[in-house]
Amino acid sequence: RAEITKRLITEKKFTVIGIEGDWPDTYRVNRFIHHKGSDKNAAEALADYKRFPALMWRNKEFASLVQWLRTYNQGVCEKSDVIDIFGLDVYSLHRSIEIIISELEKIDLQAAKEARSRYACFDAYQDPQEYGYISSLFLNKTCHSEVMDQFIDLKNKEISFFKDEDMDPEEEKFYIEQNALVIKNAEEYYRSLFGQPPSVSWNIRDRHMMQTVSAIEQYKKETTGQDAKIIIWAHNSHVGDARGTQMASYGQINIGQLAKELYGAGAISVGFTMYTGTVSAASAWGGNVERKYVQPAFEDSIESFFHLSDKKAFYIALDEDPAIYQFFDTKDYLQRAIGVVYLPQVERQSHYFSAEITRQFDVIIHFDVSHAVEPFDKSTEWQEAEDAPETFPFGV
């Protein structure tokens, strides 16, 4: 994925990477690749990824790309060609609150005082999920009106209000506004976790990601005069059009569907599949990262079908050949989804769903044997798994 990203930047002039990471943590990375801030290398720039699953971004492969982006930007002459990297996710409620108050204190003490007063609504809760649970039981305990008031207040501020010496006014306004958007949508997200179907919180999260993409697009247009070409890094379950999968029957949408609805053929969905190999993942949400061995795919899955080709890796552009499209359009396949948690003991229930791949993706890239990314923060379990037999996964 990193190599594809580099080629899209150098050959097709893409200028933005949006990742399934938090806005504040990723903005530190963005400043690093712009040669701003005090970080001396990519590993330091990734230090704010502390919340699980930090393993997605605090790994050597991603750090290598970040360092490449910094070097690339150093050689760029036109502002419109400078690369940005932004976080699209919704989880940074408390961190975004801290940032808004801190930034406003540099600009206007009265505005900072008002923001602190509004966001104090969350002070009684140890974590966002506790807030979500209590507010679902007592509707008069929500912080909804406070976060909306703060979001609208910041949206209505003129550019001249934003005067932190460390950023251009346009950048400062964008940075603060997006943190306020995270808080607004995170409040709704955590409130929806209790007493509502899982599809509700899922849809809030993916709509937030799409809102962030749209805001990035507008920001780049306003500051460079050019339309943004955006690469999105997220799991298959987010980027493949949900209407082509079992997700649709649960009422779930995703960023892949929203992008197709907004941009039509201008949005290209690329999926990655694997037959077996290793992944870096935990055994439970919040658990230690382990180097896990992935079982060979089930016989009736698309991964097992691709394995029959005897090729180590290949890609299929589903719309390039009508015969290929028609072949895959004739049936649904099982498809494996491995995120930051992998549970091989309950693989069928936890990691497989049915999909019409011609509706889900435009392109599929298949690796028969995958290799786990190497995290900075290796657990004992990850290190012990490095000594796996050389014959894995074939056992011969």
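In which sense do strand E1 (residues 16–22) and E3 pair, and over how many bridges? The two strands pair in the parallel sense over four bridges, where pairing requires that DSSP finds at least two bridges between two strands, and where strands (E, at least two residues) and helices (H or I, at least four) are DSSP runs numbered from the N terminus. This is a predicted model, in which local features need pLDDT of at least 70 and side-chain atom pairs count only at pLDDT 80 or more, while totals for chains, interfaces and linings use all residues. Residues are numbered from 1 along each chain as its sequence is written, and side-chain values use heavy atoms, with hydrogens and water left out.

Within E3, Ile 230 is the bridge partner of Val 16, and Trp 233 stands opposite Ile 19. In a regular strand the side chains alternate between the two faces of the sheet. Strand E3 (residues 230–233) has a covered face made up of Ile 231 and Trp 233, and an uncovered one with Ile 230 and Ile 232.

These strands belong to an open sheet of three, ordered E2-E1-E3 with parallel pairing. Strand E2 (84–89) and E3 stand at the edges with a single partner strand each, so one side of each is left without a neighbour in the sheet. From one strand to the next the twist averages 30 degrees, with angles running from 0 to 180 degrees between N-to-C directions of axes fitted to C-alpha atoms, for helices over the stretch in contact. Helix H10 (residues 198–224) packs on this sheet and touches E1, E2 and E3, its direction making about 155 degrees with that of E2; contact means heavy atoms within 4.5 Å.

Conventions. Buried means under 20% relative accessible area, exposed over 50%, partly exposed in between (1.4 Å probe, protein chains only).
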